[in-house]
Amino acid sequence: MTFKVKQVFKAASLLSIVGLALVGCGKTTQQPAASPTTDTKNTPAVSPASANLLEQIKKNGKIKVGLMGTYAPYNFLNDKKEVDGYDADIAKNVAKKLGVQADFITGEFSGLIEGLQKEKYDVLISQVTITEDRKKTMDFSNPYIKNSVNVVVKGDNNTIKAVEDFKGKKIGIGLGTNDEKYLRDVAMPKVGNFEIATYNDVISSLMDLNVGRIDATINNIFALKPLMDKNKLNIKAVGAPIKEDFAGVATRKNNPELVEAINKALSEMKTDGTLKEIHQKWFGVDPNF
């Protein structure tokens, strides 16, 4: 009897020890892992999803630049079918200072902003005018150009000399541009109703103006001469500039690192003379801002 009791006691003791050991193991496996910030040797790489846009651009080695490609001398396809022009040169030099290549993606202006929001582009460098309304959905760099906008009419038109003469006329303008917004929100309430015809590129509006399909348009003076010369257009700018616009590099909201880097690049381009050189190359004058 005594022997059996001792055996039972020993068996129960053994089970208790094993049980305690198992419980101890369970507690060990449930301990939280050390924070990766405390382990400098094994810190995980930043994933694309968590990286800021500037880091992603540098990792990819390129910056996706959205532009029209139909707006000489700002951005257009040259004889080699390469994107060329003032905006293209700005983009290439900004990219160079960021340590990456500029990857140009062309599209109609009316779709550029939507493409930016859908991440088709990293930035827009396509004469995107800086406005308070656009600042609600995009961020901008500091300006890289100032444009003066004039009324443009057919060469033999002597009746339209200013926006005030637009009443009852047919006025052509680029779809989705800041100039379209100006015509609808500022000019029309001021001078009275007129018809607005929209276009997906500038040259189409100027060609229609040249043959009399529209009575006038508004455009900046830097854009006119090369288009007039190349296409032998009988059109002219009239009157004093109706407004002055500043264009900047547009980015998606909440990318302060990228905006700061672009501003730094543009500032360096002003200091080292690159901006002046590009401006002289395409317009024959020094920057006016």
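1. Lys-281 and Asp-89 bring their side chains together in a salt bridge, with 2.9 Å from N to O; the term stands for a side-chain nitrogen of Lys or Arg within 4 Å of a carboxyl oxygen of Asp or Glu. This pair links distant parts of the chain: Lys-281 belongs to helix H9 (residues 274–283) and Asp-89 to helix H3, 192 residues apart. Helices here are DSSP runs of H or I with at least four residues, strands are runs of E with at least two, and both are numbered from the N terminus. Lys-281 counts as exposed because its relative accessibility is 54%, while Asp-89, at 9%, counts as buried. The cut-offs are under 20% relative accessible area for buried, over 50% for exposed and in between for partly exposed, using a 1.4 Å probe and protein chains only.

2. A word on the model before you go further. It is predicted, so local features need pLDDT of at least 70 and side-chain atom pairs count only at pLDDT 80 or more, whereas totals for chains, interfaces and linings use all residues. Residues are numbered from 1 along each chain as its sequence is written, and side-chain values use heavy atoms, with hydrogens and water left out.

3. How many salt bridges are there by this rule? The count comes to 17. One of them joins Asp-208 and Arg-213, again with 2.9 Å from N to O. Asp-208 is classed as buried because its relative accessibility is 16%; Arg-213, at 53%, is classed as exposed.

4. In the salt bridge between Lys-276 and Asp-286, the closest N and O atoms are 3.9 Å apart. Here too distant parts of the chain are linked, with Lys-276 in helix H9 and Asp-286 in the segment after H9, 10 residues apart. Lys-276 is partly exposed at 44% relative accessibility, and Asp-286 is partly exposed at 38%. Shared partners also join Lys-97, Lys-264, Glu-268 and Asp-272 into one salt-bridge network.

5. Asp-122 is buried yet has no salt bridge, and the nearest side chain of opposite charge, Arg-252, is 4.3 Å away. For charge, Lys and Arg count as positive and Asp and Glu as negative, with His and the chain ends not counted. Beyond four places in sequence, Asp-122 touches residues including Leu-53, Lys-62, Lys-64, Arg-252 and Leu-258, where contact means heavy atoms within 4.5 Å.

6. Now the interior. A nonpolar core is a set of buried Ala, Val, Leu, Ile, Met, Phe, Trp, Tyr and Cys residues joined through side-chain atoms within 4.5 Å. The largest one has 57 residues, and Tyr-86, Ile-90 and Tyr-144 have the most contacts inside it. Helix H3 (residues 86–98) gives the most to this core, with seven residues. Leaving aside neighbours within four places in sequence, Tyr-144 is in contact with, among them, Tyr-86, Ile-90, Val-249 and Phe-289. A second, separate core of 18 residues includes Phe-166, Phe-194, Ile-196 and Val-238.

7. Last, the sheet. Three strands form an open, antiparallel sheet in the order E2-E3-E4. Strand E2 (70–71) and strand E4 (83–84) are the edges, each pairing on one side only. Strand E3 (residues 75–77) pairs with E4 over two bridges, pairing being defined by at least two DSSP bridges between strands. Val-83 in E4 is the bridge partner of Leu-77.
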